[in-house]
Every structure is written in C-alpha cells, then in structure tokens.
Amino acid sequence: MSCDQDAETRHVLGCFRDRLKRLIQVEPLLDLLHFLEPDRKDRIKAKFREEGDINAAAFLIDEIIHSKNYARGWSRELIAALETVGCRHAAKYVLNSPPEPTEEAENDSCVRLIDLLQLTLVSMKTGDVCAHCRALGLLTLEDQENIMKLTENQGNIGGARLLLKRLVKNEAGWFSKFLQALEDTEHHDLVRELRGEPCNEDEAVSVKTVEEGEQSCSETMPVLPPVLSANSSLLSEDLDSSVDSSGGLCTSADNEEVDMYKEGEEEDLTEDDDPSEESKRDIVLRDYQMEVARPALEEKNIIICLPTGSGKTRVAVYITKKHLERKKQMGQPGKVVVLVNKVPLVEQHYKAEFGRFLKHQYSVERVSGASQLKISFPQIIEQNDIIICTAQILENSLAKAKNGDEDGIKLSQFTLMVIDECHHTKKGGVYNHIMIRYLSQKHKNQLLKKQEKSPVPLPQILGLTASPGVGGAMNQQMAEEHILQICANLDAFTIKTTTFKEEEAKTPYKRIARAEERKEDPFGDVIKKIMDEIHTHADLKPLCDPGTQYYEQWVVQKEQNAAKEENQMVRVCAEHLRQYNEALHQSNTIRMSDAFRFLNKYHTEELKTKSSPDEEGTITITDTERFLFTLFKDNKAKLQELMGKPQYENNSLAQLKTSILKEFSTRERARGIIFTRTRLSAIALCQWIQENPKFDEVGVRASYLIGGGDQSVVKPMTAAEQKDVLNKFRDGQINLLIATTVAEEGLDIAECNFVIRYCLVTNEIAMIQARGRGRAEDSSYTLVAEAGSGVAERESVNEYREKMMSTAIVKVCKMNRADYEKKTREFQMQAIIEEKVKIKKKLLKGMMKEPPSKISLSCRQCSVFVCSGEDIEKIENMHHVNVTKQFSKLFTVRENASLQERLLDYETNGVIACKNCGQQWGSMMLYKSIECPCLHIKHFVVTYSSKKKTFSKWSELPIKFPAFDYTQHADLLVEDSEEEDLETD
C-alpha cells in the first residue's frame, strides 16, 4: 500500500510541478526530509543559494520524481514536513486534494493583486504586520525570525518583500486574514487599495513615483477586480501548464528563477506585449548585440556605439540583469542607476525597457524633475535595485553628500551606472560633472592602494550612444583625439561598435531637394523698410544684412549696451528690431501669414503692457514707443495684403509640399518626421499642413512635437502632451510629426519610412540621430534647402565628419593597449587638475562675495530705481524675492499667460511688471500662503560698484543674499491683519 502511495505521489508531483515549485519553501523543508541523501541535499541547497527558492523547489521535485531509491513511506514524510514548515497549501496538492477550480482561481486573483500592488504594500510597517500574521497562523516562527532578520539587515522594504512572498504560499483564505492584519496595524489605506475602494487623494501617492498624467488612485482602483477576475483563469492555466490530458509530466520551458512577481503587470507593458506570454519577459540578444555587450558582461567599463533603432537600450537591460544576477550569486549587494538627459526618457526607459523586462524580478523606480516625490531621493536609492533618473538629480544629490548634507548620496552606493546618450559627457555637461567625481575617486583609490588601505568602491560604467561625433574636428587626427577624450571621460576600457550587413539595406535613401532662391520678396521688403526707418530713428548702423544670425547677434549686443547706458530709445528700438529680424527669418521658411501673426501678437502684447490693470495710475509711453507702434500700424495693411498672395511665398515651402505629397502618394502607408529649427516654425508648419486640403486628400494626419523648457515665446509642451502625441503617432492616429530637435535624440518614436530636415543643419551627431529615425524598409532622408543658403554645403561637411568619426572609432579600437591607456590617463589627469583649479576659483569667488548693499536694481526699460540688494532674500537657495512694502508700490500684477509651474511649497500666480513702463520684472510666487514677488535678473540693470551691468542669471552676480525668513514675514502679516481687524471694529 505504501509503495502504491509513493508511486501515486510521484505522479501527482509531476502533474502539479509548476504550481508546487511556487508554493514550497525549500530551505526549512530540507531539514525535515530524512529520506534524502546528504549529498543530494547539498546540491539542492547550492541551487537555492545560486538561483533562489523556485528553481531549487523545481530541482527538489525532479530529484524525488526520478529517484527510485528512497525508503518506503517517504511520501508520508514529505507531506508531514510540508505541513510542519507551513506549506499546507502545497501539502494538499501533494495529497492530490487541490482546491476547487473556482476557489483556486480566486486565490490566484489574490496572488495577482498582491503582485500588482507590491510597490505600495512594501511601505507597510513590516515588524507590526509580521507579528499579527504570525498570530493569525499565516507565518511560522521560523518565517517570522527570517523576515525580522532581513528587515534588520536590508531595511523595512526587504523584509516586506519576503513577508509578501511567504504569504502567497498559504492555502486559500490567507488573503482575508492578511487584510485583518493590516487593519489591526492601522494600514487602512493599504486595506482600501487591496479591496479596490476609493482612497483619499493624499494617500493615492505612496512610495511609487507619480508622473504627470497618471490617474489618481480613486480613478484606477475600482477597475482592479474585473481585471483580476478576467486574468485569473489565464493565471491558473499558466501555473498548470505542465498538466496534460493523460496526467503525465510536460517539460516546462520556464527554467529561470521567478517569484510571485513574475506574472506580467499590464500597466507597464507596451501595446505590443501580451501579458499572458511569459516569453515576452525573456531578453534575447542578436549576435551583434551580444558581441558589443561581452566586455561589459566581464565587468569592464565600455561605450556601446550602435545606430538608432538597433537595440542599445535592450543591450543595457540585458547587461543590468546579468550584473544583478552575478552580484546575487556572489552574495554582494547590487544597485544600478540609469542616467538620462531628458525628462521624457525617464518614463520611456522605465515602461519600454527596464521596467518591462526587470520589474518582475527587481524593484525598479524612476525619478525626474517631473516627479512629485513623497520620499527623498536617498530613500529611493536605498529601497530599489534599479533607479532611472535624470543626471541632474543624481548630480545634485552627489553635491549634497560632498557638502556633508544627510540628504546626499555617494557613487559608492552603486555597482553599475548606465549613461544614455553618453556623447554628452563633455566639458560643462552634467554627465561630465558626475564622471569627474568618479575619476577623482579612482585617482584617490590608486593612492590608497599604495598606502595599503581599502579603496572606495566605484560602479561599473556603461555608456550608450548612436554617435559620439568628432567635436568639430577638421582632420582625422583631431577626430581620433575626440573619441579618445570621450573614452577617457567615461573611463572606458574600449568603445564597441559593429558593421551591419543585413541592416545596411535599412539605411535611408538620401537626397537633397534644393529650392530656387526667391526672385521677388515684397513682404520681406516691407519689413526691411520698417527696420531701416528704425535704424534712422535710433541712429543705428548695422554691420550686416537683416534676416541673418549675425544681425541677431548685433542687435542683442546693442540692446544690452543701451540698457547699461540707460539709453531707452536705442534699447526699445533694438528690442523691436530683434522681432522684425525673427519675422524675416520666418518668412523665408514658413508662410508670410505666420510671420505677420508673430509681429501682430508681439505688438498687441506690448500695447497691453502699456495699459494699467487698475486705477492707480497710467503707464508711461515714450515718444520712441509711440513711433514704433505707429510704424507697425501704418504698414500693417500692406503686410496683410501681401501675405494673401501665394506667388510671393518662399520656394522652400513649395519644395517641402512637393516632398510630403510625393512620400504620401508613392507609399502604401507613409509615416514620417519633419525636423525644423524653432518651436514657432514647428507649430506654423503643422497648421499649414492641417489647413491645406491637398495634404488631406493623400491622407496626411499631422501634429507637432516641441520641447518642454520654458525658454521661448512659444508655450512649451508638457511631458503628458508629448507622450500623448507620441502614442498617437505610434498607433497611427498621426502619421506625420513636425518636430524640433527634441525628437532627434533618445525619444522612443515609432518606425518611420521618411525623414525630412527642413532648412535645418546642425552637426554630424544631429544628422545621424535624425536620419536614424527612418528605420523602416525603403525609407528616405531628405534635406530641403534653399539654393545659396549654405544648408546643403553644411550637410556635406557633416557627412565628411561622419566618415571621419567611423574611421576614428575603428582606429581607437585597434590601438595598442598600452598607448590607449596612456592617452586616456593623460586626458583623465588633465580633467581632474582642471576641476581642482575650477573648484579653487569657485571657492575664492565665494569667499569674495560681497554684501547685498553693494548693488541696486533699476528697470531695464525705463531705468526707474527698483530696490537695493538689501531688500532681496532667497527662497530655497534659488528664488530671489522682495517682500518689502516699498517695493510692492512699484509694480502691478498681470495674468501669467504661460503655464503655471506647480512646485514644492510654492506656486506662481501672475506676472509682476513695472508700474511706470509695463516692463516685466518677474512673477508672483505663493510660498506657504505668503505672496512673494520673485525677481528675474534679466529684466533689470544692476548697478554694482558704480558700474551698470546686465545679467542673465542670478548665479553670475557675486553677491550673497540672505535666506528668506518665513517666520518673521508670517508674524508681520499676522500683525497687519490684526491691525486691519481693529480698524474695522
């Protein structure tokens, strides 16, 4: 009878193998399995140490199934041992008494729910919850001891993860007891989330970073139950995939370690992923990807240089996975930071790559300036295995640690640092600031080793780029020097690239579409006539032709000098000339009507600034301003008449129209990007396409994509708006993007079959990045340029530099190892010395900072005295405010036309402007309920040591301003309020 039971148990183990391996706790179980030989136990324990509980449990089951030498009655011993160590759920399966299908499906849903909400649940008070779970019979004494030990060694989150893993191994009914434990320990918000009940807005954000555009908890949670019930059968099918119709054992393809978080989390999968397919989680590299990754897998610092669309980031994900696995096997802590240079890339890398492939196995978090964090950056570093963040956030935290701030972090806390778009690791860049810290510590480590002291650990470096460029090199030797400099900056052992054979067919076909020069430009002639009249009025003699970049530089310099000299006539004339120059440029690239609208909007807004929003007084309009407003008014009708005549439009626009129509007429499914120089031209071109019926006839659906920085006359795009446009482009709602250079680099943009650069040439890196967007078969890359503009010629220079770059990379890779190391070491030592000199100069400059009484501010436009430096205070070491009563009488508050910036403890409400002339001075900031006028230095002339100067940033001013005294100002407000109340009474 016992033999029959043993045989039946073997059969049952085979049938339920895939489910049992997730329910068995191997380590405590082995101590009670006396029928296993010591050497077999040792092998299973080694498997547990190297690959974790699930793979070790699978190994144990296989050992029992295939071995015939155990003493009779071993099956009873196995079942008793399972019950003793708390694996009663597994024991029922071994007894061939699995729960009813509906009960099993419900239990699987509970496991899935814990999986989905793991990032929220790990914020629990582990010790309290653990004690209550033990009292409710959900944990054994050994479980409790292990959880508390891990909590002590790795922190609250590490213990919470183990607690959750242990809970889901219990038999059905554990979920309600877990809810009771949470309720008893006052985790009411977690209970509401697990039950799918709406929670408070403040509680909707916990440990997890909330990005702009995400739904609140109350919006998302009610839909969880149907999602879970829909997937429960799928989960059961996946867990029982080894059971066939005959009840025999099927071989599982899942041979890598998984835990309860292995099942996919739909919210972070891309549209192409099917969450039911575990194979989607596997990272399979192509041969060329594995080749470039190999040195990094050997723990060497490298740069991976692969074209856009060839899977650089996927290689980085693979290297990250192997790095963390290796650290785990060695019993060492592993922590990876992924650095990006643009905010949208944080979310992109999280959802499309690192989160998608690694979140089921490791804790992955993202942080950027767009995040609204409830916990500090050091806490996020401590609590997660992989952190994706903007480089500036890391640099800020490293600087804090250097200054002794508790809220800082150190490079030694990381074991791998991935640097995306690493060609930006050059002088002045934030990547380089971080790497200088790395190189300095590396140099110190060499000295420590000589002194037989322990060196400070440093992370492995992995750089990613599509094009390191040549840094403006004029010859091959300079190009090689540039590549070596980048390698030295990143402390790279080598730079890895590859030559594609099968991929070469996907290189876009390139052509240059030259537009004829304009024969007549009456619209531009009117603008130039206006500019000549302004030149005469202000007695200005330009050194170059209007409409050029040189003229722009000349007129900006004139405005700055006039502001310092308090020459208001020249200053305001120069400001208007700058706008006309921009309009001339626009009329050469976009429609005349767009250029006219730009000018009309500028003059309308300027006139608004000359009208007082209250009855306190009238803003002064000078004779020069009256002359300028009248000059535009007198020519307005003529400009409107000319802009309605299409025969005078620029030929570049006509050439662009031909190129777009050709692409959409000759392709079955056209999808493309047009790159242009300015945000204004991107929006204008989009409107032109949307308003032209010819484009509609061939199926063009256009939208624009511009940057998020607020440094332009054009309203910037938020991250959510950018994401929305890219999603629509990806799913085909939009098939033509008109973008500024924000789309050239890094952003995950759907595969295109044509790219057009419209009157735009920058450098060889931008050219390669833009061209790389055309990755589909039979794609084209077109440069539209006006004949004689020099654009086509500069493109040829970039092509030559690209060839130099490719040759330079090959030569650097083939360099003698000793020569390579000597050269890179020289560059590194030079960088370290330069940084030391820079720090000394900065310290000296800081020591020489003078008191605020040394300066005074006057209005840049009308030169009226504004305030002394003594009236200025700093909020959070960043915002310069003046809250004196005297200052409040000098300005008016206007509506802020730009986007409101919602920051930490303050928000911007309106624009403050000079009562005398209407010149903008800054913004009104609400800081902890106190209205604080925030001054922007660029709107003032600073009198410093009896000299008048202009500045673009406060940091350029060598003055030490005191911190804002919130308590003092709050007390004054209370006193004023009480006085007003008494007067009222």
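Predicted model: local features only at pLDDT ≥ 70, side-chain atom pairs only at ≥ 80, totals over all residues.
Let's start with the open sheet, whose seven strands come in the order E3-E4-E2-E5-E6-E1-E7 and pair in the parallel sense. Strands E3 (364-367) and E7 (494-496) stand at the edges with a single partner strand each, so one side of each has no neighbour in the sheet. On average, neighbouring strands of this sheet are turned by 20° against each other, direction ignored. In general, the strands of a sheet pair through backbone hydrogen bonds, and the pairing can be parallel or antiparallel.

Here are some of the pairings:

| Strand | Partner | Sense | Bridges |
|---|---|---|---|
| E1 (residues 302-305) | E6 | parallel | four |
| E5 (residues 416-419) | E6 | parallel | four |
| E2 (residues 336-340) | E4 (residues 386-390) | parallel | five |

Cys-305 stands opposite Thr-465 in E6, while Val-418 has Leu-462 of E6 as its bridge partner.

Helix H21 (residues 391-402) lies across E2, E3, E4 and E5, and runs at about 100° to E4.

**A closer look at E6**

How many of the six residues of strand E6 (residues 460-465) are buried? Six of the six are, so E6 is largely enclosed by the rest of the structure. In a regular strand, side chains alternate between the two faces of the sheet. For E6, both faces are covered: Gln-460, Leu-462 and Leu-464 are buried on one side, and Ile-461, Gly-463 and Thr-465 are buried on the other.

**A pair of helices**

Now on to helix H26 (residues 568-587) and helix H27 (residues 592-609). Their axes come within 8 Å and cross at roughly 160°. Angles over 145 degrees count as roughly antiparallel, so that is what H26 is to H27. The crossing of H26 past H27 is right-handed.

Which residues make the contact? On the H26 side they include His-576, Tyr-580 and Ala-583, and on the H27 side they include Phe-598, Leu-599 and Tyr-602. Sorted by class, the contact of H26 with H27 has six nonpolar, five polar and three charged residues.

Terms used: Residues numbered from 1 in each chain as written. Heavy atoms only, no water. Axes fitted to C-alpha atoms, helices over the stretch in contact; angles between N-to-C directions. Helix = DSSP H or I, 4+ residues; strand = E, 2+ residues; numbered from the N terminus. Parallel < 35°, antiparallel > 145°, perpendicular 65-115°, else oblique. Left-handed = near helix turned anticlockwise from the far one by under 90°. Contact = heavy atoms within 4.5 Å. Nonpolar A, V, L, I, M, F, W, Y, C, P; charged D, E, K, R; others polar. Buried < 20%, exposed > 50% of the residue type's maximum accessible area, 1.4 Å probe, protein only. Pairing = 2+ DSSP bridges.
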